[in-house]
Amino acid sequence: MMTEAQFLQIQNLLSTIQEKSAFYRKKFEGIDLSSVKSREDFEKLPFSNKGDLREAYPLGLQAVPDREVVRIHSSSGTTGVPVIIPYTRQDVADWAEIFKRCYETAGITDLDRIQVTPGYGLWTAGIGFQTGAELLGAMVIPMGPGNTDKQIQMMTDLRSTVLCATSSYALLLAEEITRRGVKDQICLKKGVIGSERWGEKMRRRIANELGVKLYDIYGLTEIYGPGIAMSCDYECGMHYWDDYIYCEIIDPKTGEVLPEGQPGELVITTLRKQGAPLIRYRTHDLTRILPGECPCGSPYPRIDTLIGRTDDMIKVKGVNIFPGQIDELLREVEGVSSEYQVMIDHLGGRDIMTLFFETDAWSCREELETRVKLHFKAKIGIAIAAKAVSIGELPRSEKKSTRIFDNRY
Ligand code: ZN
């Protein structure tokens, strides 16, 4: 859904973008942006990709005069060429403002003591957590990553109440605290966990070992950094700030915009960014826009917890399937564990998908197979073969994509 206010912000952005940004002058060459009069018109504009952004290295994305740029951040690329994002003073202030909202969404206040363990430097993590917390009025303990001894000492002596970390670092700290037997000296109440996808099991381990409530934070360097979406107490997706970003969900294969509730790739347009505005930027993150209102009463819409990257998506019998959907589906069938493996073959001119799942209810395995099969058909819409195996038979992996074996090509 595009609100009237968002459409006005987008029109405003489009009215000057070709003049201000060499990048968009080139991208929208031959397109008359003043003819964009509706959401449908907007949806015809070409997407922006990380590859395009890389080609603009180093400062081709800059859309303001040099004197207005106060900082840059950069995403490290696996291909070697980084993407450089320039920020104006207003961009820096806006980012702090939305980050403050994230903390507030988690019930964090100016009485909290926030230990920041994500890294500082070119990438956007640490400093975003810090400026948002300072704007909130909380006390920041700017640790950065590593040095576990010091982390635990500060956490204990300064009585940190909030831990900001990646899921893997939070787990490492949790295990170390348990190993050292210092849990009773830790005052943590909340964990704000960002930047990676993580499983339900890991979540439970961190929450239990640290004795905290966990919140998910989402973001990417190209669009401010972490802080553009945050989960609330109800743990049903993440609220995103629709006065700062416009979100669309598209079919990653066709580029078609999908209706609310359907999973696909998240595409973001910045509504206020000055230094490097982005229009229809493909994140390659898979999620969906959750319909309806959140029980917490927040007026901000929600995206679902990320279910993967577009690279993990598979297409079987013409239907897009994401690993996260399979996780969710198996959780809903009683007596079935969360471990699974998928084999896809092409036999006799058609796709055949076999879903192996683990169960300890061995005597009713046939009944469980039927239930998984029916549930899959009802939820995802295709017929599969379901096969029960005993607990521990399937290989363990934190990375969901390695559970899917596509033998068709
Ligand atoms: Zn909520």
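**Figure 1. Pro58 sits in the loop that joins helix H4 (50–55) to strand S1 (69–75).** Helices (H or I, at least four residues) and strands (E, at least two) are DSSP runs, numbered from the N terminus. The model is predicted: local features need pLDDT of at least 70, side-chain atom pairs count only at pLDDT 80 or more, and totals for chains, interfaces and linings use all residues. Residues are numbered from 1 along each chain as its sequence is written, and side-chain values use heavy atoms, with hydrogens and water left out. The peptide bond from Tyr57 to Pro58 is cis, and its omega is near 0 degrees. Most peptide bonds are trans.

**Figure 2. Arg159 lies in the loop between helix H7 (148–157) and strand S5 (162–166).** Its phi is near 50 degrees, a positive value in a residue other than glycine. Most residues other than glycine have a negative phi. Arg159 is exposed, at a relative accessible area of 51%. Buried means under 20% relative accessible area, exposed over 50%, and partly exposed in between (1.4 Å probe, protein chains only).

**Figure 3. Arg280 lies in the loop between strand S11 (264–270) and strand S12 (281–287).** Is this residue, Arg280, buried or exposed? Arg280 is buried, with a relative accessible area of 1%. The phi of Arg280 is near 50 degrees, again a positive value in a residue other than glycine.

**Figure 4. The protein around these views has eleven helices and 21 strands.** Of its 409 residues, 53% count as buried. The C-alpha trace spans about 70 × 60 × 45 Å along the principal axes of the protein.
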